[in-house]
Amino acid sequence: MSRREAGRVQSVCKAMDLLSCLAQAGGPLTLGELSSRTGMPRATVHGLLAAMRPSAVVEQSPADGRYRLGIRLFEYGCAVSRGWNILEAAAGPMGWVAEETGETVSLAALDRGEVLILDRADAHSNFRVVSEKGSRLPIHCTSQGKLLLAYQPPAQQRQLLRQCDFTPYTPHSHTDAAALEAELAEIRRQGYAIENGELRIGLRSVAAPVFGMDGSVTHAICVVGMFRRINSPELEQAAELLLEAARRISFELGYRG
C-alpha cells in the first residue's frame with residue numbers, strides 16, 4: 001500500500017471515529033467538543049466534517065454551527081434493515097439442523113396468543129413430524145410457545161398467561177399459570193425450551209430463541225421428533241445444533257449481544 005493509499009485509509013478510520021462520537025453523544029456537538037472527545041486536531045475534524053457534509057452523512061445547524069448525524073445514515077440504516085429478512089436468514093441454518101438431526105425444523109412467531117409456524121425445513125428421512133406453514137399451535141404446551149413466552153416483557157407475559165385456556169392436550173400439559181411461570185424462569189436461565197410429550201404423546205421438541213437487532217425475541221426455531229427421552233443424547237445434540245443455528249440467524253438479523 002502506498003503512502004497516499006494509507007493516508008486515505010487513515011482518513012476513513014478517523015471519519016468513522018467522528019461518526020461514532022456523534023452517535024454516542026446523543027445530540028449535536030461543536031467542532032471543539034468533537035476535537036476534545038476524539039483527540040483529533042480541530043483542523044483535522046473540520047476537514048473531515050467538510051468532506052462528509054455534501055453527502056448528508058453529517059449535518060451542521062445553521063443556528064449554532066453544531067454538528068449531528070445526517071439523514072443519509074437513516075437511509076442507510078433502513079436499507080440494511082430491509083436486508084435482514086427472517087425467512088432468508090433462517091433458511092440455511094434450519095436446513096443444516098434438519099440434515100444433521102434427521103428431524104423437522106420449524107420457524108415460529110407469536111401471533112394473537114398462539115404460535116404461528118412461518119416456515120419449516122424437512123430432513124431427507126422416511127419419517128417426518130410436520131407442522132405446515134401457516135398452522136397454529138398452543139403456547140402453553142409447545143417448546144416454541146413456552147420459549148417465546150419466556151422472553152416476553154413481564155407485562156406482556158402476564159397478559160398472555162391470563163388469556164391462555166390451558167387445554168390439557170396430554171397428561172403432561174400445563175394446566176395452570178403458576179406451574180408454567182416456574183418453567184418460564186428456567187427457560188430464560190438455560191436459554192432454550194423443551195416440550196416433553198405435552199402436545200402429542202411420544203413427541204418431544206426443543207426450541208431456541210432468535211434475537212433481533214434490539215435484543216428482543218420475536219421468533220423461535222424448533223426441532224421436533226420421536227426422541228426417546230428429554231435427556232437422550234439425540235435430543236441433547238439437537239439442542240446444541242439448534243442453539244448454534246439460532247446464533248447464526250440472530251447475527252444475520254443484526255444482533256450483536
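In which helix is the place of Lys-146? In this predicted model, Lys-146 belongs to helix H6, which covers residues 143–150. The residue is classed as buried because its relative accessible area is 0%, against a cut-off of under 20%. Two polar contacts involve the side chain of Lys-146: a polar atom of this side chain lies 2.8 Å from the backbone oxygen of Ile-194, and a contact of 2.9 Å links it to the side chain of Glu-198.

Thr-101 is located in helix H5, formed by residues 86–101. A polar atom of the Thr-101 side chain is placed 2.8 Å from the backbone oxygen of Val-97. A polar atom of that side chain also lies 3.2 Å from the backbone nitrogen of Glu-103. With residues up to four places away in sequence not counted, Thr-101 touches Val-223, Ala-238 and Leu-241.

Leu-34 is found in helix H2, which consists of residues 31–38. Leu-34 is likewise buried, since its relative accessible area of 0% falls under the 20% limit. Apart from residues up to four places away in sequence, Leu-34 touches Leu-18, Cys-21, Leu-22, Leu-29, Val-45, Leu-49 and Tyr-67. Between Leu-34 and Ala-121, the C-alpha to C-alpha distance is 51 Å, with a separation of 87 residues in sequence.

Terms used:
Residues are numbered from 1 along each chain as its sequence is written. This is a predicted model: local features need pLDDT of at least 70, side-chain atom pairs count only at pLDDT 80 or more; totals for chains, interfaces and linings use all residues. Side-chain values use heavy atoms; hydrogens and water are left out. Helices (H or I, at least four residues) and strands (E, at least two) are DSSP runs, numbered from the N terminus. Buried means under 20% relative accessible area, exposed over 50%, partly exposed in between (1.4 Å probe, protein chains only). A polar contact is a pair of N or O atoms within 3.5 Å; within protein, one must be able to donate a hydrogen and the other to accept it, and residues adjacent in sequence count only if both atoms are side-chain atoms. Contact means heavy atoms within 4.5 Å.
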